[in-house]
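Reader: I am new to this structure and would like to be taken through it step by step. Could we begin with how its parts are named?

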Amino acid sequence: MKYLNQLEPNSLISHFLQHPPYDFNAWLTCEQVPLFDATFDLLTTAEDDFKAKLDKIPGKKWWHKLIKIKTLFVGTTVSEYALFNAEITPDKFVESLKQQYASKYPLIVVKDIPYESPLQSDFANEYDQQMITALKQEGFIELEGQALAWVPIDFVDIDDYMSRLSYKRRKNFRRKLKSRQNITIDVIHCGDDCFFDEETLKQYYQLYLNVFAQSEIHFDKLSEDFFKALLQDKTSNSVIVTYRHDGKLIGYNICFIENNALVDKYIGFDYPAAREFNLYYISWFYNLEYALQHGLKRYIAGWTDPKVKADLGATFTFTKQLVYIRNPLLRAILKRLSSHFESDRQHLTNK
């Protein structure tokens with residue numbers, strides 16, 4: 001089925017359900033809405049200053065264990081937004097969710113609900129607002145979520161796009177893009193013959209792990225089985241951009257074409273070569289070129305590195321997280337401390 005809020009291919013959701021990240025369990029509700037559970041550290045998205053203050057509290061080894069909680073999540077980690085079944089009203093879904101799971105999980109998170117998203121239809125945005133209202137009426141706490149970066153393809157070429165950036169940024173990016181002359185760029189697709197070679201699969205997975213290891217948040221570590229299923233899948237409308245130096249693969253970017261958009265999903269880098277050749281910046285501008293050349297309307301660039309993507313000219317749309325905590329004491333604490341959890345909206349607005 002095609003879910004409300006879905007920006008990626010069905011196959012990606014299927015691969016997540018069949019091969020969830022390490023230490024995750026994933027399944028569908030009776031309403032066919034994807035869920036997963038995992039042990040969640042409540043400080044995962046807390047601001048650095050707030051975590052630094054908490055680190056000074058005595059007995060961290062003891063109290064930190066108390067805030068690592070078995071948690072039910074509504075959504076997936078491979079979709080940009082929460083996925084809902086439009087045939088089920090928000091009130092009915094929330095009622096069913098609490099009946100089935102509130103007694104089983106001390107923490108329930110409905111993650112990444114779009115909020116007035118320009119990437120959505122009016123119907124979807126209205127449904128999402130009704131879902132937020134229904135969740136709050138059932139005791140869920142509303143928190144600011146992450147910022148999804150995207151770029152409308154409304155420029156005639158990269159020079160036109162660059163002209164919208166400040167002189168300082170244009171100069172910086174043009175300097176970084178000089179590395180492109182040392183890179184060979186190719187486009188292949190999931191299901192290509194090369195992905196039925198075990199060594200190639202291991203290489204791609206290792207480059208993914210390289211990026212995962214240097215990320216600030218280590219939450220969903222995708223499995224080798226997931227990557228194998230993804231890369232061998234011939235059904236998705238995929239675009240895999242590869243970057244090589246002297247014949248050696250030093251980076252790749254896995255994207256999908258859905259709903260007239262280029263949706264950027266996964267990136268893999270070989271360090272330090274990827275930094276030396278500025279692959280992050282090269283891949284950004286190559287993806288914009290690709291979207292433009294193929295007549296697409298937007299480039300959806302994902303959640304990570306919002307400050308860097310803002311410098312690169314991205315636009316942002318925001319989300320809400322709705323959190324239910326069964327323990328009334330913890331629920332009261334979260335309400336008081338909710339402002340200390342990261343809000344991309346605040347950081348980007350103040351930029």
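Author: Helices (H or I, at least four residues) and strands (E, at least two) are DSSP runs, numbered from the N terminus. This is a predicted model, in which local features need pLDDT of at least 70 and side-chain atom pairs count only at pLDDT 80 or more, while totals for chains, interfaces and linings use all residues. Residues are numbered from 1 along each chain as its sequence is written, and side-chain values use heavy atoms, with hydrogens and water left out.

Reader: Thank you. Where is Pro272 placed?

Author: Pro272 belongs to the loop between β9 and α10 (273-276). The peptide bond that joins Tyr271 and Pro272 is cis, with omega about 5°. In general, most peptide bonds are trans. Tyr271 also has a charge over its ring: the charged end of Arg275 sits 4.1 Å from the ring centre. The criterion is that NZ of Lys or CZ of Arg is within 6 Å of the ring centre and within 35 degrees of the ring normal.

Reader: What sits over the ring of Tyr115?

Author: The charged end of Lys320 does, 4.9 Å from the centre of that ring.

Reader: Let us turn to the sheet. In what order do the strands come?

Author: The open sheet is formed by 11 strands in the order β1-β2-β3-β4-β11-β5-β10-β9-β8-β7-β6, and the pairing is mixed. Two strands pair if DSSP finds at least two bridges between them. Because β1 and β6 stand at the edges with a single partner strand each, one side of each is left without a neighbour in the sheet. From one strand to the next, the twist averages 30°.

Reader: How many bridges join β4 to β11?

Author: There are 6 bridges, and the two strands run antiparallel. Val110 has Leu322 in β11 as its bridge partner. Leu322 and Val110 are 212 residues apart in sequence, yet 5.1 Å apart in space, C-alpha to C-alpha.

Reader: Is Leu322 buried or exposed?

Author: Leu322 is buried, with a relative accessible area of 0%. Buried means under 20% relative accessible area, exposed over 50%, and partly exposed in between (1.4 Å probe, protein chains only). Not counting residues up to four places away in sequence, Leu322 touches several residues, among them Ile108, Val109, Ile132 and Leu135. Contact here means heavy atoms within 4.5 Å.

Reader: Which strands does α5 lie across?

Author: Helix α5 lies across β4, β5 and β11, and runs at about 155° to β4. Axes are lines fitted to C-alpha atoms, for helices over the stretch in contact, and angles run from 0 to 180 degrees between N-to-C directions. The buried residues of α5 include Ala124, Tyr127, Ile132 and Leu135. Their cover includes α4 (90-101), β4, β5 (141-152) and β11 (315-325). After α5 comes Gly139, with a positive phi near 95°.

Reader: And what does α8 touch on the sheet?

Author: Helix α8 packs on the sheet and touches β6, β7, β8 and β9, its direction making about 90° with that of β9. This helix (residues 198-214) has 17 residues and reaches 25 Å from its first C-alpha to its last, close to the 24 Å expected at 1.5 Å a residue. The expected span is 1.5 Å times one less than the number of residues. Tyr204, Tyr205 and Phe212 are among the buried residues of α8.

Reader: On another topic, how many aromatic pairs are there?

Author: A search of the whole structure finds 27 aromatic pairs. Rings of Phe, Tyr and Trp (its six-membered ring) pair if their centres lie within 6.5 Å; planes under 30 degrees apart count as stacked, over 60 as edge-to-face and the rest as tilted. The rings of Phe24 and Phe36 are stacked, because their centres are 5.1 Å apart and their planes at 10°. Phe24 lies in the loop between α1 (10-18) and β1 (25-28) and Phe36 in strand β2 (residues 34-41), so the pair ties together parts that are 12 residues apart in sequence.

Reader: Which residues form one aromatic cluster?

Author: The cluster is made of Phe155, Tyr161, Phe173, Tyr280, Tyr281 and Phe285.

Reader: Finally, what is the phi of Asp112?

Author: It is near 60°, a positive value in a residue other than glycine. Asp112 is found in strand β4 (residues 107-114) and is buried, with a relative accessible area of 2%.
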